[in-house]
Amino acid sequence: MADDRLIIFDTTLRDGEQAPGFSMNTPEKLRLARQLQTLGVDVLEAGFPIASSDDAEAVRLVASEITGPVIAALARCHRADIECAGEAVKAAKRARIHTFIATSDLHLERKLRISREDCLQAVVDNVTLARGYTDDVEFSAEDATRTDPDFLCQVVETAIARGATTINLPDTVGYCTPEEIEHFFTDIIGRVPNADKAVFSTHCHDDLGLAVANTLAAVRAGCRQVECTINGVGERAGNASLEEIVMVTRVRADLMPYTTHIETTALFPTSQLLTELTSEPVQANKAIVGRNAFAHEAGIHQDGVIKDRRTYEIMRPADVGVAQSTLVLGKHSGRHALKKRCEQIGVELSRLELDRVYREMINLADKQKTVEDTDLSAIVDRVRAQPSEGAIQAAGPRA
Ligand code: KIV
Ligand code: ZN
């Protein structure tokens with residue numbers, strides 16, 4: 001694979017689905033999986049089969065129907081988990097088992113209550129077991145970024161020696177900064193003697209709002225798989241957002257010259273489908289897919305966009321599957337946008353009419369947040385039903 005190619009590993013159906021409010025039933029998971037295939041993700045993590053029989057069934061169905069991406073199933077470093085995951089993905093054209101164990105002392109001592117030696121043994125046993133089911137095994141060191149680097153190097157070297165082909169080092173609690181992540185991966189990849197035998201992967205959570213920045217920093221340090229989700233959904237504050245990572249590589253190819261197989265025009269439809277399936281709305285100002293990502297209300301911005309879109313837009317809405325930019329009519333809007341919007345609904349206004357409609361539109365916008373097309377038509381009708389100012393002056397004051 002070319003060195004500039006990024007493997008897009010989508011975990012919307014696993015890390016995303018396990019967040020409160022985002023659970024989906026099996027038919028819903030299948031619908032989303034089909035859309036993720038259309039989007040062009042390379043690896044689709046379909047679920048955590050040991051978690052429930054429904055989860056196992058969903059992974060099985062995705063594995064038997066979806067043939068484009070590699071289908072991955074998550075498993076702790078436990079025999080039962082690996083067996084269950086191996087069974088669930090066995091129908092896949094290309095199957096991956098993704099096995100993980102926490103490696104930080106905090107997690108080992110306080111959560112798992114095992115020693116570093118026990119942890120290493122679990123890696124040996126379970127990566128070996130997973131390789132019995134498939135040649136494509138990913139190993140994740142949970143809480144890697146808070147793990148003692150010397151111990152982490154030992155774990156990674158062991159996982160690769162036992163057959164892991166992808167090594168994922170998650171920033172599980174979203175604690176790192178981009179500089180730290182870049183240094184972290186450079187250090188580990190540089191120190192592990194068999195690092196060239198595996199693809200390194202990054203999996204960043206967004207607790208400090210740095211997941212995408214951290215993911216890109218990890219790529220700079222040599223990671224060639226990025227783990228992400230649609231709309232950035234996932235545990236707590238979420239995971240790195242797939243649409244943001246992909247569009248950074250398109251819009252800023254001058255700085256981030258990496259390629260993906262993502263069909264960017266499917267980004268917005270995929271985001272919308274996830275919203276429809278989970279009834280969880282995307283925040284209005286979310287980059288790429290939020291309602292306001294291509295909407296302009298301020299008069300100066302509207303004027304600029306009407307004259308040349310590039311004044312306030314760094315990508316074309318159509319490139320991410322959004323039909324067109326919108327000029328929102330509100331109290332900050334100007335006459336240019338009002339005129340344009342009237343033209344879009346088939347109304348040509350004289351100069352005088354434009355002034356009157358503008359005054360009424362601003363009055364209405366003071367009372368309600370935005371002025372919709374139906375409001376605008378009603379204003380136009382009202383203004384046109386009024387006598388013109390010339391006629392009022394000719395009639396003189398009423399008695
Ligand atoms: O955040 C995390 O560490 C994970 C692992 C299971 C990959 O989701
Ligand atoms: Zn995670």
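Student: How many Å separate an oxygen atom of ligand 1 from an N or O atom in the side chain of Arg-14?

Tutor: An oxygen atom of ligand 1 is 3.0 Å from an N or O atom in the side chain of Arg-14. This is a predicted model, in which local features need pLDDT of at least 70 and side-chain atom pairs count only at pLDDT 80 or more, whereas totals for chains, interfaces and linings use all residues. Residues are numbered from 1 along each chain as its sequence is written, chains are lettered from A and ligands numbered from 1 in the order in which they are written, and side-chain values use heavy atoms, with hydrogens and water left out.

The side chain of Thr-172 likewise has an N or O atom 2.7 Å from an oxygen atom of ligand 1. For the side chain of His-203, the corresponding distance to an oxygen atom of ligand 1 is 3.1 Å. Such a polar contact is a pair of N or O atoms within 3.5 Å.

Arg-14, Thr-172 and His-203 are among the residues that surround ligand 1; a residue is near a molecule if one of its heavy atoms lies within 4 Å of it.

How values were computed:
Polar contact = N/O pair within 3.5 Å; in protein donor to acceptor, adjacent residues only side chain to side chain.
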